[in-house]
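My notes follow the structure.

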Amino acid sequence: MTTNRRIYLDHSATTPVDPRVAAVMSGVLTENYGNPSSVHGFGQQARAAVDRARREVATLIGAKPNEIVFTSGGTEANNLAIRGVCEAAVDYGRHIITSAIEHPSVRGVCDALEKRGWEVTRLPVYENGIVRIADVNAALRPDTVLVSLMWANNEIGTIQPVREVGRLIRERRQAGQRNLWFHTDAVQAAGRLPLNVDEVGCDLLSMSAHKLYALKGIGALYVRRGVRLAVQNVGGHQERERRAGTENVPAIVAFGEAAKLARAEMSQRVAHDSVLRDRFESRVKQLIGDVVMNGDRERRLSHLSNISFRFIEGEGLLINLDLEGVAVSTGSACSSGTLEPSPVIRALGVDDEIARGSIRFSFGKDNTEADVDYVVEVLSRAVERLRALSPMTLAGH
Amino acid sequence: MSYSNKFKDYLAHPRNAGELAGANVIADEKNPACGDRLRLSLILKNDRIETAQYLAYGCPPTLVCGSVLTELITGKTVSEARQIKKTDVIDAIGGLPSRKHHAAALAIEALNAALDKLT
């Protein structure tokens, strides 16, 4: 069972590089190869290209160019934000507030800091996959130095109350808690939602270029002016002393171009993605029984649908779809006889069977309605095939 | 992880899937650590496994090991079937990563549970 048709529905994992982005980057690769730190003309030409890209990335989130630090991606941005703030604020407190559904890069840094003596409060989400502002308020302590809450979740797409958190943090700061900062991981949200750092009141914001039709290996951290950050990469003056290392000029230029296109095309991309997602969900509900749509139905990204299929396990379904040319993802993993259900789906308070049967479908600007119809057709067949194999569909089992 | 074409073929086309009406014996085993489950039903004639079918819930190797197990035991006597080991199942698939060997172990547990019920 193989097919020549290939449909990519995993845009939350990564996106294809937009040909317009590739074209701009290609010119830089061959012609603009100077080191931006060099004083000569080649270097200054590269510096100008980096500066232009920095302006585009800053504009995407309503920031100033000198508040953007280019990194190797979202994971490094999250590491720099959390470690950087916590290590710089160590004299004021060692308490971090985050959520139970953060990306592994945020979870990992928080876990590592916890082992080094920081205290971490991981706020729950409820069945809708959203943190409650009352819980954030209750968790804040005089020694809290950082709240790190993602803008939108990578598995279920739920949009977190970042504006309310930003307001709360500002109030606390005005009341005298001057070393309390707010970081948001906006890797899934950037390019998919209008982001404005001043409106939201975040102090740090992480982005990744390959989620918005640029290439992998490049991202950025927004650092509001005045935020103290312990530098993690030392040994160079790049990025205003905040991240040493020669700039990846072609990748930065690609990121800048992708940010420009994302800003210009955001409303049409969002409209396109949401039409496809709604068509998909409506057809799934019509054709396949015993499904659970995970996460809030309203406060979520427009391109993402996370569905649990009862009686079957996600990885088997994923491979069956892959054999039909359809690429999706699942958050659960089974290895060495121990199941690791998706922590995000588990945080919704669902049972193991629902957590194990969850699949993420994430649409992109190049998908079509015909793609959706094909996917629903092969999905319906694959679910039927796997359910016919499942002992859980037997009466009384 | 990546799976072989043989593995994928088993996954896309399960062999002997279902539950036998009039089975002489049914065994339903579960891996308590990961929740994977394999249910085996057998029809025997003159101490020989004439037909075997399975149902399974769990990760792809568990589904595939069910298919492979039923192929391996069909036509075998009870004592011949008792000789089948985890490695025979793994070899018949064309190999499994070590962290997925528990799927073959579950298949053998289901087989032994079924054969034990016969005695």
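Entry one, the helices. I am working from a predicted model. I noted that helices α2(B) and α4(B) are roughly perpendicular to each other, because the angle falls within 65 to 115 degrees. For the record, α2 covers residues 60-73 of chain B and α4 covers residues 86-93 of chain B; their axes cross at roughly 105 degrees and come within 9 Å.

I then looked up which residues make this contact. From α2(B) I listed B:Val64, B:Cys65, B:Val68, B:Leu69 and B:Leu72, and from α4(B) B:Asp88, B:Val89, B:Ala92 and B:Ile93.

Entry two, the strands. I started with β2, residues 37-45 of chain B, and found eight of its nine residues buried, so this strand is largely enclosed by the rest of the structure.

Next I checked its pairing. β1 (residues 25-30 of chain B) runs antiparallel to β2(B), and six bridges join them. I found B:Val25 opposite B:Leu42 of β2(B). These two strands form a hairpin with six residues between them, and in the turn B:Gly35 has a positive phi of about 85 degrees.

I also looked up β3, residues 48-57 of chain B. β3 pairs with β2(B) over nine bridges, again in the antiparallel sense. Here B:Leu44 has B:Ile49 in β3(B) as its bridge partner. The hairpin of β2(B) and β3(B) has two residues between the strands, and I noted a positive phi near 50 degrees at B:Asn46.

Technical notes. Residues numbered from 1 in each chain as written. Chains lettered and ligands numbered in written order. Predicted model: local features only at pLDDT ≥ 70, side-chain atom pairs only at ≥ 80, totals over all residues. Heavy atoms only, no water. Axes fitted to C-alpha atoms, helices over the stretch in contact; angles between N-to-C directions. Helix = DSSP H or I, 4+ residues; strand = E, 2+ residues; numbered from the N terminus. Parallel < 35°, antiparallel > 145°, perpendicular 65-115°, else oblique. Contact = heavy atoms within 4.5 Å. Buried < 20%, exposed > 50% of the residue type's maximum accessible area, 1.4 Å probe, protein only. Pairing = 2+ DSSP bridges.
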